[in-house]
Amino acid sequence: MTEKILTTRKNGMIVMLISILLYLAAIAGVIKGAMTGTTILIAVSIIWLIVGILPFCGLKVLNPQEALVFTLFGKYRGTIKEAGFYFVNPFCNSFNPAAKTKLNQSGDVGNDAKKSPFSFGANSQIQTERVNNKISLKIMTLNNNRQKINDCLGNPIEIGIAVMWRVKDTAKAVFNVDNYKEYLSLQCDSALRDIVRIYPYDVSPDVDTTGDGIADDGSLRGSSDVVISRIRDEIQKKVADAGLEIIEARITHLAYAPEIAAAMLQRQQASAIIDAKTMLVDGAVGMVALALEQLSENHIVDLDEERKAAMVSNLLVVLCGNHDAQPIVNSGSLY
């Protein structure tokens, strides 16, 4: 289906004024016909009072960044996109299958119907909701629910994304899919799952995330820009037939699933402790080597191998210990 833009003139105000004047003339005709007994005048006036409502049905007001898709007896007639006050064929219907669909997105939030003040009975109440068949051309933000997905290592993670999108082709959006809002939501979930399962949560060895057969350091936590770019491209590829354009996508939530979050936190803590201890030991070994070297060069004291080993052990305990050392002063012999 190809979008066809209608160049209808904005003559809604003229048609409305003419219809009102004709209605007033018909009312005057009925009164005058009744006074003069002119049957033909009365009949013509009554007929116009009955069918004169049709021009009012063809009046359409279109706001900026909105569109109306018209069908006539089941055939697509075209789309109006320019803001204005229009008069169209009264028998044309504005068509939007996603008019009642409510998603967690900007400009379309809330499922509560407007309640009528009129009620029948103690527990019954009429609920009405105004259906707007206009298609918004504004940039919308879809914030889908968080999903639990296994990364490439099999670890369950929770991730959520926000997608900025808009309708680019109204004909494709209305006629190519059953409901373009639900279609977009479903394709966002599918694309997110397809991309996330390629990456590990954190950098892991021997993992190829680019598909070139070479291990790399890509990860969901460290390569968020690359990951979200691939997610956006994947969503755009899936919704192109629905006439939608994906402007941007962002990760709004990323964490391990609750069932493994505690274990993964302990793993990260252990890794951090190991890295810190390694750095501490490297520094302590260097300090001990420097101390022995300066003692030997300055001939402060000559130590045999056994005494050097004891000194190295004591210095490493002092430098690598978690608590401050308690010195013991030997006031007797050298040893």
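These legends describe close-up views of a predicted model. Local features need pLDDT of at least 70, side-chain atom pairs count only at pLDDT 80 or more, and totals for chains, interfaces and linings use all residues. Residues are numbered from 1 along each chain as its sequence is written, and side-chain values use heavy atoms, with hydrogens and water left out.

**View 1. The largest nonpolar core has 41 residues.** A nonpolar core is a set of buried Ala, Val, Leu, Ile, Met, Phe, Trp, Tyr and Cys residues joined through side-chain atoms within 4.5 Å. Buried means under 20% relative accessible area, exposed over 50%, and partly exposed in between (1.4 Å probe, protein chains only). Trp165, Val167, Tyr180, Leu184, Ile231, Ile235 and Leu244 touch the most other members. At least two residues of this core come from each of β2 (66–72), β9 (140–143), β11 (156–167), α4 (170–175), α5 (180–196), α6 (224–239) and β12 (244–256). Helices (H or I, at least four residues) and strands (E, at least two) are DSSP runs, numbered from the N terminus. Helix α5 gives the most, with 7 residues.

**View 2. A second core is separate and has 8 residues.** Phe70, Tyr86, Val88 and Cys92 are among them. In soluble globular proteins, nonpolar side chains tend to be buried together.

**View 3. Lys148 forms a salt bridge with Glu259.** A salt bridge is a side-chain nitrogen of Lys or Arg within 4 Å of a carboxyl oxygen of Asp or Glu. A search of the whole structure finds 11 of them. Here the closest N and O atoms are 3.4 Å apart. Lys148 sits in strand β10 (residues 147–150) and Glu259 in helix α7 (residues 258–297), so the pair ties together parts that are 111 residues apart in sequence. Lys148 has 45% relative accessibility and counts as partly exposed.

**View 4. Glu234 and Lys238 pair within helix α6.** Their side chains meet in a salt bridge (3.8 Å, N to O). The two residues are 4 apart, about one turn of the helix. Glu234 is buried, at 16% relative accessibility. Lys238 is partly exposed, at 21%.

**View 5. Arg250 forms a salt bridge with Glu248.** The closest N and O atoms are 2.8 Å apart. Arg250 is partly exposed, at 41% relative accessibility. Glu248 is also partly exposed, at 29%. Elsewhere, salt bridges that share partners join Asp194, Glu234, Lys237 and Lys238 into one network.
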